[in-house]
Amino acid sequence: MDATSSWVRGACPYILRARPRLGRAQPPTGGITLSNHRRVPKRRILLAGAGAAALAAGALTVTTANAAPEAPTAKTLSSASAAKLASKLTSGLKGHAGSYYDAKARQLVVNVTDDAAKKKAEAAGAKARVVDHTLSQLASAKETLTEHDVTGTARAVDVKANKVVVTADSTVKGAKLTALKKQIKAQGGKAELKRTNGKFTTKIAGGDAIWGGSGRCSLGFNVTTKDGKPGFLTAGHCTTAISSWSDKQGGQEIAKSGDGKFPGNDYGIATYTGDTDHPSEVNLYDGGTQAISGAGEAQVGQKVTRSGSTTQVHDGTVKALDASVSYPEGTVNGLIQTDVCAEPGDSGGSLFAGDKALGLTSGGSGDCSSGGETYFQPVPAALDALGAKIG
């Protein structure tokens with residue numbers, strides 16, 4: 001199939017994995033594809049000139065108002081520290097509308113809808129930004145749009161824009177596009193439409209390549225299953241389509257697929273059946289690896305890296321969380337949206353930040369020549385559902 005137009009066709013994915021030292025598989029030549037600063041404002045001094053000419057006194061009298069109180073300076077934070085502060089703040093802060101990490105300024109930005117919340121956020125060390133819509137209002141709008149979803153669209157709350165962004169691919173046109181625009185308009189300014197080239201499809205592939213009888217995917221991360229056996233995570237659209245896996249095309253079986261879910265979610269697990277080395281690390285395709293110590297929650301604005309057997313290693317930024325994508329096979333919810341590129345064969349592959357496993361490549365649009373966007377199944381949710389743990 002044409003890798004520039006979609007990542008997936010049908011129900012099979014490319015499966016990518018977090019390198020379990022299986023040997024290096026080369027990108028396939030065919031097969032079914034699926035996938036899975038701001039500078040702190042300078043002190044503003046309000047100078048209010050009375051400007052009243054006191055002619056009776058024969059002189060010009062000018063009065064100055066007291067300087068307006070400055071907001072506390074936002075703390076300089078690492079991405080991990082910002083995530084902890086965001087969790088602490090937003091769990092008990094009324095009037096908040098989401099948060100994101102400003103990687104350039106190294107600050108946590110918290111959206112708020114009233115002055116009381118603004119003061120609390122600033123006092124805690126965050127930069128507060130007053131917006132129009134609460135997070136619950138945007139979540140409700142996204143839910144309504146998802147209930148009437150159109151195949152070929154994705155929906156996510158963009159905290160920076162303070163809106164639900166509905167992205168439509170090239171298949172959405174004519175009556176479908178007209179209906180979609182009507183749905184968005186009904187949200188009264190809480191949603192906006194964007195277009196993307198290509199088509200939203202699932203994609204199979206993660207670090208090293210893994211092969212099945214009907215396609216190729218990538219291994220995501222090596223794990224210990226709920227039964228205490230070694231295994232690996234990959235995309236659900238991979239494990240629901242392929243039952244037996246090898247580290248090379250036509251090779252001996254190394255693992256069997258187990259539980260998984262797709263659509264709805266996009267996670268799956270396979271248990272090793274052979275004597276295969278399975279370190280907790282990701283292939284960086286430069287002769288090195290990245291050790292993975294555990295799972296982490298992605299954060300908007302966070303810098304992330306993806307490893308896959310087709311396009312190898314690419315970097316990008318988390319754009320939104322809890323995204324919903326309507327693939328031809330069905331809708332998947334709760335995804336991480338990024339601007340990292342991917343192509344067929346990258347499905348199931350690893351999304352990580354440092355030594356933390358964040359996501360499994362699900363699908364997206366575009367490619368690594370023209371650019372695109374990719375969606376990932378969060379690893380923590382997959383581990384919880386499957387009763388597995390990293391390593």
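User: What makes strand 5 and strand 6 a pair, and in which sense do they run, parallel or antiparallel?

Analyst: In this predicted model, strand 5 (residues 107-112) and strand 6 are joined by four bridges in the parallel sense. Two strands pair if there are at least two bridges between them, so four bridges qualify strand 5 and strand 6 as a pair. Within this pairing, Val110 stands opposite Ala128 of strand 6.

User: Why are strand 4 and strand 6 said to stand at the edges of their sheet?

Analyst: The sheet is open and is formed by three strands in the order 4-5-6, with mixed pairing. Strand 4 (96-102) and strand 6 (127-130) each have a single partner strand, so one side of each lacks a neighbour in the sheet. Neighbouring strands here are turned against each other by 25 degrees on average, direction ignored.

User: Which helix lies across strand 5 and strand 6, and at what angle does it run to strand 6?

Analyst: Helix 2 (residues 115-123) lies across both strands, and runs at about 160 degrees to strand 6.

User: Why is Arg106 called partly exposed, and where is it located?

Analyst: Arg106 has a relative accessibility of 39%. Buried requires under 20% and exposed over 50%, so at 39% Arg106 counts as partly exposed. The residue is placed in the loop between strand 4 and strand 5.

User: Is the peptide bond from Phe262 to Pro263 cis or trans, and what is its omega?

Analyst: The bond is cis, with omega near -5 degrees. Pro263 belongs to the loop between strand 16 (253-261) and strand 17 (267-272).

User: How do you know whether Pro378 is buried or exposed?

Analyst: The relative accessible area of Pro378 is 14%. The limit for buried is under 20%, so Pro378 is buried. This proline is in strand 26 (residues 371-378). Leaving aside neighbours within four places in sequence, Pro378 is in contact with Gly334, Leu335, Ile336, Leu358 and Gly359. Leu360 is 18 residues from Pro378 in sequence, and the C-alpha atoms of the two are 6.6 Å apart.

User: Why is strand 21 described as largely enclosed?

Analyst: Strand 21 (residues 303-308) has six residues, and five of them are buried, so the strand is largely enclosed by the rest of the structure.

User: Which strands pair with strand 21, and over how many bridges?

Analyst: Six bridges join strand 21 to strand 22 (residues 312-327), and three join strand 21 to strand 24 (residues 350-353). The run is antiparallel with strand 22 and likewise antiparallel with strand 24. Val304 has Gly316 as its bridge partner in strand 22, whereas Ser307 has Ser350 in strand 24. Strand 21 and strand 22 are also joined by a hairpin through three residues.

User: Which residues touch the most other members of the largest nonpolar core, and which elements give two or more residues to it?

Analyst: Of the 17 residues in this core, Leu145, Val164, Val166, Val172, Leu180 and Ile184 touch the most other members. Helix 3 (135-147), strand 8 (163-168) and helix 4 (175-185) each give two or more residues. Beyond residues up to four places away in sequence, Val166 touches Leu145, Leu180 and Ile184, among others. A second, separate core has 16 residues, including Tyr267, Phe352, Ala382 and Leu386.

User: How many residues of the chain score at least 70 in pLDDT, and where is it below 50?

Analyst: The chain averages a pLDDT of 82, and 80% of the residues score at least 70. Over residues 1-68 the pLDDT is below 50, although this stretch has 262 contacts beyond near neighbours in sequence. Where pLDDT is low, the predicted coordinates should not be read in detail.

Conventions:
Residues numbered from 1 in each chain as written. Predicted model: local features only at pLDDT ≥ 70, side-chain atom pairs only at ≥ 80, totals over all residues. Heavy atoms only, no water. Core = buried A, V, L, I, M, F, W, Y, C linked by side-chain atoms within 4.5 Å. Buried < 20%, exposed > 50% of the residue type's maximum accessible area, 1.4 Å probe, protein only. Contact = heavy atoms within 4.5 Å. pLDDT = per-residue confidence, 0-100. Axes fitted to C-alpha atoms, helices over the stretch in contact; angles between N-to-C directions.
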